Amino acid sequence: MSAVLKNFVGGEWVDGTAITKNINPSNTNDLVGEYARADRAQTEKAIAAAKAAFPAWSRSTPQERYDALNKISTEILARKEELGRLLSREEGKTLPEGIGEAARAGQIFAFFAGEALRLFGEKGPSVRPNLEVEMTREPLGVVGLITPWNFPIAIPAWKIAPALCYGNTVVFKPAELVPGSAHALSEIIARSGLPAGVFNLVVGSGSVVGQTMLEHPDVAAISFTGSVATGRNIAKACVASSNMKKFQLEMGGKNPLVVLDDADLKVAVEAATNGAYFSTGQRCTASSRLIVTEGIHDRFVEAMTERLKGLQVDDALKPGVHVGPVVDQNQLDQDLRYLKIGKDEGAKLYWGGELLNRETPGFYLQPALFTEVKNSMRIAREEIFGPVAAVIRAKNYDEALAIANDTDFGLASGICTSSLKYASHFKRNSEAGMVMVNLPTAGVDYHVPFGGRKGSSYGAREQGAYAKEFYTTVKTAYTYPV
């Protein structure tokens, strides 16, 4: 076994106070690596290093920021197969998905390298005579970034890249389940030429590392992706903090995919299968509610069942696999609890939901499809975060739209139809931040905003040019020429 991989604080790789063991969910006998865990004191050192680095980095030139981010992008893209393999080995998504996610991280850094050159202000006349008014954007300071396990390279990239692009310094806390991807990304960032302290990595628990960030007065802002419960606690802590921390929350979804009678059946089945089951259903944008109108309902269910029978569930690194394992035992237990809840509520487990044995021991679950589901059932209200989808029957488009919007979440939604009328109406009236027509609800471009409404998101959007709304603050300055 190689040495324990360290945290990165103040430009140096440092030991932690404990060790995180990283287990391959496709083969629980495979130890991916051992990683240092930070405690409160080390987290405070990372925050202090970021604070010390902020004055110089916040005044660095656009060219300096471009050069660093472009160098990071270039190395990620050059190593995307290697990084994707590591990602799939530790998180469980299939190798093509892992490589694709690594490539996306590289593209994100490339985009924000360009954005460093495009941060312009505004200048105009005052309503008062002889005054000039300037509106400019400035960085916030030290930003704490807390990321989840399901996209262990892409989500860190879409937080770290804009934070650095706009002149902030970073303390990065990845999910403990996926320290390998975070460490590999951090090594690349460490080689980019950033001054010491601009970027810091601290692997550890939310109750220690995350809580330290929330309580520390030198952390100006928190960007978090994770559960609703944790997001709400972060919001309360930021509001109560002495410096009233700025915060950004992405917290999940219970996303509807509406299938109308006039839909192309093959297109609808592919959109539903991809959205509900790829990445093992472990996506906040997953299509967990399939709302199908009466005229196509039975044909859709049968076609979905045939499609699911053809999905290969196995080791994420094997060629030809469509669905990898669930990420760990805790998540698998949660999935199984919801399968029982659904049956107890009166839904019909139409297909799947069985534990699977494969060549290596892992957390393998057969994709599950429920029918006869009411939108009031828990399996239609609560985020399961696994390869489980529920089919809800609707009389017509109007009822389908009403069911789609009847949720506490509002991240993504979709509709499958050949009608321009219904597609246009759905795009305007769906209560979601992202809407897809004849496409899976999961999957968005890296250069456009990501985020939702209701209980799914709070604060400014992530990704694209809209990221500056969170990572900068606006200053208005007046000048009276003398």
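Reader: How many cavities of 30 Å³ or more does the structure hold?
Author: The structure holds 2 of them. A cavity here is a set of points on a 1 Å grid over the protein atoms alone where a 1.4 Å probe fits but cannot get out. Points are joined across faces, edges and corners, and the volume is the space filled by probe spheres set on them. This is a predicted model, in which local features need pLDDT of at least 70 and side-chain atom pairs count only at pLDDT 80 or more, while totals for chains, interfaces and linings use all residues. Residues are numbered from 1 along each chain as its sequence is written, and side-chain values use heavy atoms, with hydrogens and water left out.

Reader: What volume does the largest cavity have?
Author: About 90 Å³. Its lining has 14 residues, and G281, R283, A286, S288 and F385 are nearest the centre. Lining residues have an atom within 4 Å of a point.

Reader: How do the residues of that lining divide?
Author: Into 6 nonpolar, 5 polar and 3 charged. Ala, Val, Leu, Ile, Met, Phe, Trp, Tyr, Cys and Pro count as nonpolar, Asp, Glu, Lys and Arg as charged, and the others, Gly among them, as polar.

Reader: And the second largest cavity, which residues lie nearest its centre?
Author: P256, A404, T407, E431 and A432, out of 15 lining residues. The volume of the second largest cavity is about 70 Å³. At least two lining residues come from each of α13 (397–405), β17 (409–410) and β18 (412–416). Helices (H or I, at least four residues) and strands (E, at least two) are DSSP runs, numbered from the N terminus.

Reader: Where is T285 found?
Author: T285 sits in the loop between α9 (265–277) and β13 (289–293).

Reader: Buried or exposed?
Author: T285 is buried, at 7% relative accessibility. Buried means under 20% relative accessible area, exposed over 50%, and partly exposed in between, with a 1.4 Å probe and protein chains only. Leaving out residues up to four places away in sequence, T285 touches N255, L411, A412, M434, T441, A442, G443 and F450. Contact means heavy atoms within 4.5 Å.

Reader: Cysteines next. How many disulfides are there?
Author: The count is 0, where a disulfide is a pair of cysteine sulfur atoms within 2.5 Å.

Reader: Salt bridges, then. How many does the count come to?
Author: 25 salt bridges, each a side-chain nitrogen of Lys or Arg within 4 Å of a carboxyl oxygen of Asp or Glu.

Reader: What about R40 and E44?
Author: Their side chains form a salt bridge, 3.3 Å from N to O. R40 and E44 are about one helical turn apart because they are 4 residues apart in helix α1 (residues 40–58). R40 is partly exposed at 36% relative accessible area, and E44 is partly exposed at 33%.

Reader: And R393, which residue does R393 form a salt bridge with?
Author: D298, with the closest N and O atoms 3.8 Å apart. That pair links distant parts of the chain, 95 residues apart: R393 is in strand β16 (residues 388–394) and D298 in helix α10 (residues 294–309).

Reader: Which residues are linked in a network?
Author: E75, R79, E82 and R191 are linked by salt bridges.

Note on methods:
1 Å grid on protein atoms, 1.4 Å probe; cavity = no way out; pocket = protein on both sides within 12 Å on 5 of 7 lines; lining within 4 Å.
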